[in-house]
Amino acid sequence: MNRCVYEDIIRFDTKGSSLSDFRTQYAYMHGPISIVICILGIILNAANIVVLTRKNMMTSINVILTWLAVVDNLKMTDYLIFAIGFYVMKDPDLDLMNTYNIHKGKYLEFHASFAIVCHNIGVWLTVSLAIFRFLYIWFPGRGKIFCTVTRAKLTVALIYVTIAIICIPNYYTNFLDKKTPVHLNSSNITCHAKYTVNMIDQKDPVFIANTYIQAIFTKLVPCVLLTVLTFLLIYAMHQAYQKRKVLLSQGHDQDARRHHEHNRTTGMLLAVVILFLLVELPFGILTLMIVFSPAEWMTKVYDNLGEFHELLALFNNSVNFLLYCSMSKQFRKTFISIFCRCLPKQNYRVINMTERSQFNNSVNHNHHNTTHVQTDA
């Protein structure tokens, strides 16, 4: 078979390992599956943004959820282009992540950094979401003062800017690598330069600094914070459930209903946090192990699981809409009022009538407070 031969740098030989075989077999499915998830996720997150930015939904929690949907959509739009270009429309005679087109190569270099920035912004937005809810539950009086819409917007802006700065070393760890053919197996074929993205030497100070930054500030610290906050929120839900039982036994039905709605909101946000932890914690541990393991660990283990982790992350970026719809009456009501105007008027009135009374009761109890995803402030 006539082929062009390139002098590629192979740092460690991983052929024949079970993880390498898994990656090879899974790679054929990764592109199409990722494209489907990205398209659905972009549509669902766009719906999240539209619903959560309505005037009656404008609260601190919803501000964070809105910008979480924004960064998820940025990440999935970028990944959609990447999956189409490097999996579905892959050059047939080249390995994955290689191309003859220099413009595709430059996009691959951009993607390598942009995806990390978006992912890390999503990580810290999830942390801030848990912190805001924790403050609101554990300090009911001060929580309403601390967790204002203005503070939420400042928190979002701070996260976006800080992550862009923290990831500066990561921008320098990836570079566009041009490979030229060293010889031809046949004089009848024409060989072109190919492009791929490689990483700088693992002993380089920039690479080492970036590894520690990514391992500590975007993996270890967020996962520890979210784990602690998860247990605290579960405990708070249990306490609220016990209080609701007491209120019901004393005949305070309206107060009991309010506590039930607060618990549903906490439960929904808890589901978002737990799903995030299930995806991120195992790979966060793998990232930390890179720091303390031999150099070939990254190539033999982490890289071979990278695409599977990306698929799980894309799924996590896509399902928040389903969580909101299943656990938030206010979100469903607003969504229906915006997107389901085509429903027969009689059915639409039934939907509104069944949920309006519950919403009004909550609004009357909380005076002028608006609701975030649920019916509490």
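**View 1. Leu129 sits in helix H3.** Leu129 counts as buried, because its relative accessibility is 1%, under the 20% cut-off. Leaving out residues up to four places away in sequence, Leu129 touches Ile61, Ile64, Leu65, Leu269 and Val272. Ala152 is 23 residues away from Leu129 along the chain, and the C-alpha atoms of the two are separated by 9.2 Å.

**View 2. The whole chain has twelve helices and four strands.** Step back for a moment to take in the setting. Of the 377 residues in the chain, 46% are buried. Contacts between residues at least 6 apart in sequence join residues at least 24 apart in 78% of cases.

**View 3. Helix H3 runs over residues 102–138.** How far apart are the end C-alpha atoms of H3? They are 54 Å apart, which agrees with the 54 Å that its 37 residues should span at 1.5 Å a residue. Look next at the start of H3, where a side-chain oxygen of Asn101 comes to within 2.8 Å of the backbone nitrogen of His103.

**View 4. Leu125 and Phe331 touch the most other members of the largest nonpolar core.** This core has 46 residues. At least two core residues come from each of these helices: H1 (18–52), H2, H3, H5 (149–166), H7, H8 (253–292), H10 (320–327) and H11 (329–339). Which helix gives the most to this core? That is H3, with eleven residues. Apart from this core lies another one, of 16 residues, including Met76, Ala83, Val197 and Leu314.

**View 5. Leu125 has contacts with residues including Trp67 and Tyr160.** Neighbours within four places in sequence are left aside here.

**View 6. Helix H2 is mostly covered.** Is H2 mostly covered or mostly open? Of its 29 residues, 22 are buried, so it is mostly covered. H2 takes in residues 60–88, and at 1.5 Å a residue it should span 42 Å. Its end C-alpha atoms are 41 Å apart, which agrees.

**View 7. Met97 lies in the loop between H2 and H3.** The backbone is the thing to look for in this close-up. Phi of Met97 is near 65°, a positive value in a residue other than glycine. Most residues other than glycine have a negative phi. Met97 is also buried, because its relative accessible area of 18% is under 20%.

**View 8. Thr211 is in helix H7, which covers residues 205–249.** A polar atom of the Thr211 side chain lies 2.8 Å from the backbone oxygen of Phe207. Is Thr211 buried or exposed? With a relative accessible area of 13%, Thr211 is buried.

**View 9. Ala209 is another residue found in helix H7.** Ala209 has 35% relative accessibility and so counts as partly exposed, a class that lies between 20% and 50%.

**View 10. The structure holds zero disulfides.** Cys167 is in no disulfide, and the nearest cysteine sulfur, that of Cys118, is 9.7 Å away. Why is there no disulfide between these two? A disulfide needs sulfur atoms within 2.5 Å, and the 9.7 Å between these two is over that cut-off. Cys167 counts as buried at 1% relative accessibility. Cys38 is buried too, with a relative accessible area of 0%.

**View 11. Residues 27–52 and 114–139 are two of the spans that UniProt lists as "transmembrane region".** The UniProt entry is unreviewed, and it also lists residues 64–89, 151–172, 212–235, 267–291 and 311–327 under that name. In the predicted model, residues 27–52 are 100% helix and 0% strand, with end C-alpha atoms 36 Å apart. Residues 114–139 are 96% helix and 0% strand, and their end C-alpha atoms lie 37 Å apart.

Methods:
Residues are numbered from 1 along each chain as its sequence is written. This is a predicted model: local features need pLDDT of at least 70, side-chain atom pairs count only at pLDDT 80 or more; totals for chains, interfaces and linings use all residues. Side-chain values use heavy atoms; hydrogens and water are left out. The expected span of a helix is 1.5 Å times one less than its number of residues. Buried means under 20% relative accessible area, exposed over 50%, partly exposed in between (1.4 Å probe, protein chains only). UniProt positions are given in the numbering used here, feature names are shortened, and annotations may be inferred rather than shown by experiment. A polar contact is a pair of N or O atoms within 3.5 Å; within protein, one must be able to donate a hydrogen and the other to accept it, and residues adjacent in sequence count only if both atoms are side-chain atoms. A nonpolar core is a set of buried Ala, Val, Leu, Ile, Met, Phe, Trp, Tyr and Cys residues joined through side-chain atoms within 4.5 Å. Contact means heavy atoms within 4.5 Å.
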